[in-house]
Amino acid sequence: MPPPRSPRCATAPSAPHRCSPGLTASRPSTLATTTMAATTTPREECGVFGVVGDPEASSLCYLGLQKLQHRGEEGAGICAAGDDGELKSVTGLGLVGDVFRDRARLESLPGQAAIGHVRYSTSGPGGPNLKNVQPFLAGYRFGQLAVAHNGNLVNYKPLRNKLETQGSIFNNSSDTEVILHLIATSLSRPLLARICDACERLAGAYSLLFLTADKLFAVRDPFGFRPLVMGRRPNGAVVFSSETCALDLIDAVYEREVAPGEVIVVDRRDMSVSSACLVPHRPRKSCVFEHIYFALPNSIVFGHAVHERRTAYGRALAEESPAPTADVVIPVPDSGFYAALGFAQASGLEFQQGLIRSHYTGRSFIQPTQAIRDLAVKLKLAPVRGVIEGKSVVVVDDSIVRGTTSSKIVRLLRDAGAREVHMRISSPPVVGRCHYGIDTPSEGELISNKMDIEGVRKMIGCDSLGFLSIDKLHSIYGEEANELCDACFTRNYPVPLPEPVPELVSSFED
């Protein structure tokens, strides 16, 4: 059984730099220097990792980010606090292994504390932008401060506009930079109070790691949208991660979640650990899509083993949408594997690996443009003809978003000789955009928002189509169902979206 959830609690942009009063940007070492036009709607799914109390902190951070690579493939970075008290950062575009291919980059980050980040951003005309790669490292009147953020702030635009009217100058399009400005302009003391003061003004999802010369702060929003866990290595080093799979990699023992609305402070000078309530209590609203798709199956997320949740989805799906004429059940790898296994177990059908995924390509959901996604499907999925030919096949996937990938999978199976293709989806239809940190398309691009299930079936070309219903999904969680954010299925958004904010006059050319 997984350990129980913890109880609820009682910038480094590339040169040239322009900074607001009281906040100066520290220059990181960067892998790339070319930047592109910034996106106007920064929403991203990311991974964060931090270590304090280990002389190999940056190397451990590198390994942790490798394990979290599935959470973002656009860019990566690490910031370390040296024994001399100076914070240094290395960021770059691409995979973690590409950014730190030169060992000298890691060796330039000495010290016993480090935080790291992997990211991807929205698709848009700007493409990958080095300025938005975290951790952000900045200096203000009390010293240096670095931050790594997983989530999305729904009130980013009004906060930024207000800060700009007060004289702040921003260096990038990331909502995370707002947090640094709020901390720098806060009148509270000490830093813990400044962080709390800043977070009280934030609305949306945030799991944050802050690093100073002598402390590491781990912060989670009061709804607990995004995961953040704490562990400990045999030498006493304290580790924070978006998922427990990264703790396992570096021999850190999972202790607990960072509770929603909690801030944990680790002082690297004496390794003392303290905790405080960040903001008043809110109802927990953990993102169910972490279990459905995003997290690795060997992680514990929100107190549950991910592979067990997905297997349960598959069993429930077989009860709701059986395929009585089918011969074999196959998953869409990799996130559909355990749901397909559960479906096969519950239905008594043979389970086979009928699609082989190439692990040398990225996940289509997080690749930046539709044209690249279309090509990537052919590149990364290959049918096993001996499993499929002449058979009625149930193919289980975690979700249907745009529908383009599903239609290509159906064609692949038919071309491989499948007699029938029955598609089963281990989540409800996605009808709403996520505003809390997962880069789902606009609602106009969501296929289930435009047509009913029969319309989707015809569009993707399968013989039958079944989704896990929202009621069945809730039944799997029992009393915890009201602690889930399922807005992408129900449009019930826990944090209301602010009214559109007009652009400031200062944002136009004189």
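1. Helix α5 (residues 176-185) is largely enclosed by the rest of the structure, because nine of its 10 residues are buried (under 20% relative accessible area, 1.4 Å probe, protein chains only). The buried residues are Thr176, Glu177, Val178, Ile179, Leu180, His181, Leu182, Ile183 and Ala184. Helices are DSSP runs of H or I, at least four residues, and strands are runs of E, at least two, numbered from the N terminus.

2. The model is predicted: local features need pLDDT of at least 70, side-chain atom pairs count only at pLDDT 80 or more, and totals for chains, interfaces and linings use all residues. Residues are numbered from 1 along each chain as its sequence is written, and side-chain values use heavy atoms, with hydrogens and water left out.

3. Five strands form an open sheet with parallel pairing, in the order β20-β19-β23-β24-β25; two strands pair if DSSP finds at least two bridges between them. At the edges, β20 (350-351) and β25 (464-467) each pair on one side only. Four bridges join β24 (residues 420-425) to β25 in the parallel sense, and methionine 423 has leucine 465 of β25 as its bridge partner.

4. Helix α13 (residues 404-415) packs on this sheet and touches β19 (328-331), β23 (392-397) and β24, its direction making about 150° with that of β24. Contact means heavy atoms within 4.5 Å. Angles run from 0 to 180 degrees between N-to-C directions, with axes fitted to C-alpha atoms, for helices over the stretch in contact. Helix α15 (residues 453-460) lies across β24 and β25, at about 130° to β25.

Terms used: Buried means under 20% relative accessible area, exposed over 50%, partly exposed in between (1.4 Å probe, protein chains only).
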